[in-house]
Amino acid sequence: MTDVEHMKWWGWGVEGVGFHHEDKPGFAPFVLQAVGLDLATAQKAEQPSFEELDLADPVAPAELVAALAAIVGEDFVRTDAMERVVHTYGKSLRDLVRIRTGDIARAVDVVVYPADEDDVQRIVDAVVAADAVLIPFGGGSNIAGSLEPQAGEQRPVVSVDMGRMSAVIDIDADSGLARIQAGALGPHLEAQLAAQGWTIGHFPDSFTHSTIGGWAATRSSGMQSDKYGDIAQIVRGLRVVRPSHPDRDGVLVIPAIPSASTGPSVREMIVGSEGRLGVITEVTAQVHRVAEVREIQAYFFPNWAAGLKAMQAISVSDATPIITRVSDARETGFSLATSKERHGMDAILAEKVLPGIMRSKGWTLEDICLSFIGFEGSAEHVKRQKKLVGAIVKQHGGMGVGTGPGVLYDQKKFDTPYLRDFLLDRGAAGDVSETAAPWSKLAGVYDAVIAAAEGAYAEIGTKGWIMCHLSHSYHSGACLYFTFAFVFGDDPLGEYDVVKSAIQQAFVDNGATISHHHGVGVEHSPWIEQDISPEGVAVVRGLFGAVDPGDHFNPGKVV
Ligand code: FAD
């Protein structure tokens with residue numbers, strides 16, 4: 001036993017936890033209307049059977065396994081089927097469909113669990129000496145195809161699971177910098193920081209099952225990025241293990257400096273490298289004192305255009321919220337449908353009083369857009385921030401409805417990922433594509449993506465759904481996060497490709513990026529040239545090729 005926690009092999013999160021809609025009366029009618037799936041009659045698939053998976057034997061030469069065991073001990077080198085399967089895929093929709101149907105073209109062969117950086121160095125050297133492939137593994141939560149071995153890989157593939165390296169090593173309280181081992185999962189590192197009054201402020205929706213090493217390697221972004229920054233800003237220093245040389249070890253060290261003029265940023269090259277430049281063993285992250293007050297206020301806007309304009313106005317104002325988020329009318333409808341049943345005054349306010357006020361303002365209820373804005377700091381700071389934001393909301397025709405919906409949003413944010421498995425169990429896809437663009441292009445990107453998805457649904461002849469929210473605001477633009485769903489026909493992955501490709505193509509065709517925070521992997525790499533230009537791809541290929549001429553580190557990802 002390694003004592004390292006993993007998600008269930010066939011889906012998100014832990015066994016026994018799932019999405020339920022019985023306490024959300026609006027959910028079933030919503031799904032029926034949105035994608036034509038009748039939850040009352042839909043057959044729920046049986047949980048996939050692990051025994052029925054057809055897994056090829058591992059390509060694990062005895063000498064390599066023995067060399068790894070000599071480094072970490074026999075208990076921490078695994079070649080059994082469950083370990084191999086858990087470490088082969090991430091949690092993208094494509095991964096989930098493939099794992100549920102037993103489609104494992106090339107599993108990893110060996111899983112090894114280092115205890116410290118010295119182990120990692122010796123593992124890296126053993127893998128390179130054996131001409132094998134090494135794939136670092138954090139929480140296995142990526143949705144960009146960043147983990148799977150290349151189909152047809154002939155060499156042994158070793159997954160290096162960082163789960164035993166999960167400590168917050170020390171905190172430089174003067175500087176607000178914490179040294180954290182790369183395998184620390186969100187809740188583990190946050191608990192260690194919180195014990196000393198600190199927070200990292202990085203909360204992706206996958207927080208519970210992803211690691212700081214994985215966040216860095218995929219250029220992740222958390223829901224409070226407006227205040228705390230994306231992981232690219234949060235990561236100040238790094239230790240990365242690469243093959244050792246005759247005259248030195250292979251540890252690349254980036255000191256935690258607030259800003260440096262030392263040529264092209266090696267720190268930035270590592271961030272987003274998806275395991276292709278080595279194994280991150282330690283991150284020095286900027287951390288913050290836990291705020292005195294934290295509040296998420298909800299607002300409604302009469303329509304999407306007003307919501308977008310308000311978010312832009314907030315981003316260039318004196319207000320410094322931690323979260324700026326506005327849902328389009330479709331996602332607002334979805335959020336209202338997934339609310340729990342209301343009772344008493346609560347029901348009267350939400351179902352009668354509030355719609356009455358909106359109608360009296362001349363709003364069309366089908367167009368309304370729900371927004372969450374988060375505030376943190378001293379009581380006085382939060383008060384002032386709310387005043388600034390409240391005035392901007394008002395200028396754009398919106399209105400505040402207090403903290404009630406925000407509390408619910410905060411509570412259920414880490415449960416929503418279970419919805420994908422719920423839909424897959426009933427023969428439907430639910431997935432996401434996200435992007436970022438300058439403010440001047442956002443409305444156009446939105447329209448183009450909705451049209452592209454609708455065109456794709458027409459092409460595959462199905463009733464599909466797409467909704468969006470804006471989150472992660474910057475001075476010059478913001479992220480748009482699309483969620484789409486449809487009922488599968490005869491060719492689930494073929495149909496999925498049509499929809500997903502149409503959305504990704506609409507991003508690059510309209511001046512947006514292929515990914516704001518999910519990374520590239522193999523899922524988005526078909527569009528990387530259209531995003532960063534052919535010459536940009538040549539530069540990245542040159543980097544990977546020069547520092548890893550033997551193609552040992554997670555080959556095939558990014559470019
Ligand atoms: P893994 O999936 O294990 O690995 C991802 C990549 O990083 C692989 O290429 C791997 O080789 C590499 N890697 C991992 N650890 C190391 C290391 N120590 N050294 C070198 N390379 C390493 N992402 C966001 O940014 N924001 C979100 O809000 C968000 N929400 C999500 C919600 C759901 C439901 C799901 C399924 C995913 C979500 N993601 C989100 C995507 C995912 O959680 C991130 O990509 C995350 O950063 C991956 O971290 P991980 O530890 O799970 O890495």
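Welcome to a set of close-up views of a predicted model, in which local features need pLDDT of at least 70, side-chain atom pairs count only at pLDDT 80 or more, and totals for chains, interfaces and linings use all residues. Residues are numbered from 1 along each chain as its sequence is written, and side-chain values use heavy atoms, with hydrogens and water left out.

**View 1. Helix 4 meets helix 16.** Helices (H or I, at least four residues) and strands (E, at least two) are DSSP runs, numbered from the N terminus. The axes of helix 4 (residues 93-100) and helix 16 (residues 418-425) cross at roughly 45° and come within 11 Å; axes here are lines fitted to C-alpha atoms, for helices over the stretch in contact, with angles from 0 to 180 degrees between N-to-C directions. Helix 4 and helix 16 are therefore oblique to each other. Contact (heavy atoms within 4.5 Å) is made by Leu 93, Leu 96, Val 97 and Arg 100 of helix 4, together with Arg 420, Asp 421, Leu 424 and Asp 425 of helix 16.

View 2. Just after helix 16, look for Gly 427, which takes a positive phi of about 80°.

**View 3. Helix 2 beside helix 5.** Here the axes of helix 2 (residues 62-72) and helix 5 (residues 117-129) come within 9 Å and cross at roughly 170°. Helix 2 and helix 5 are therefore roughly antiparallel to each other. On the helix 2 side, Leu 64, Ala 67, Leu 68, Ala 70, Ile 71 and Val 72 meet Asp 119, Arg 122, Ile 123 and Ala 126 in helix 5.

**View 4. Aromatic pairs.** Rings of Phe, Tyr and Trp (its six-membered ring) pair if their centres lie within 6.5 Å; planes under 30 degrees apart count as stacked, over 60 as edge-to-face and the rest as tilted. The whole structure holds 14 aromatic pairs. In one of them, the ring centres of Phe 30 and Trp 465 are 5.1 Å apart with planes at 85°, so this pair is edge-to-face. The pair links distant parts of the chain, with Phe 30 in helix 1 (residues 27-35) and Trp 465 in strand 17 (residues 464-473), 435 residues apart. Both Phe 30 and Trp 465 are buried. Trp 304 and Tyr 446 make a tilted pair, 4.8 Å centre to centre with 40° between the planes. Trp 304, Tyr 446, Phe 482 and Phe 507 form one aromatic cluster.

**View 5. Charges over rings.** A charge sits over a ring if NZ of Lys or CZ of Arg is within 6 Å of the ring centre and within 35 degrees of the ring normal. Lys 24 lies over the face of Phe 19, at 4.8 Å from the ring centre. Arg 426 lies over the face of Phe 422, at 3.8 Å from the ring centre.

**View 6. Tyr 299 in strand 12.** Tyr 299 sits in strand 12 (residues 293-301) and, at 6% relative accessibility, counts as buried. Not counting residues up to four places away in sequence, Tyr 299 touches several residues, including Cys 369, Phe 375, Val 389 and Met 399.

Technical notes
Buried means under 20% relative accessible area, exposed over 50%, partly exposed in between (1.4 Å probe, protein chains only). Angles under 35 degrees count as roughly parallel, over 145 as roughly antiparallel, 65 to 115 as roughly perpendicular and the rest as oblique.
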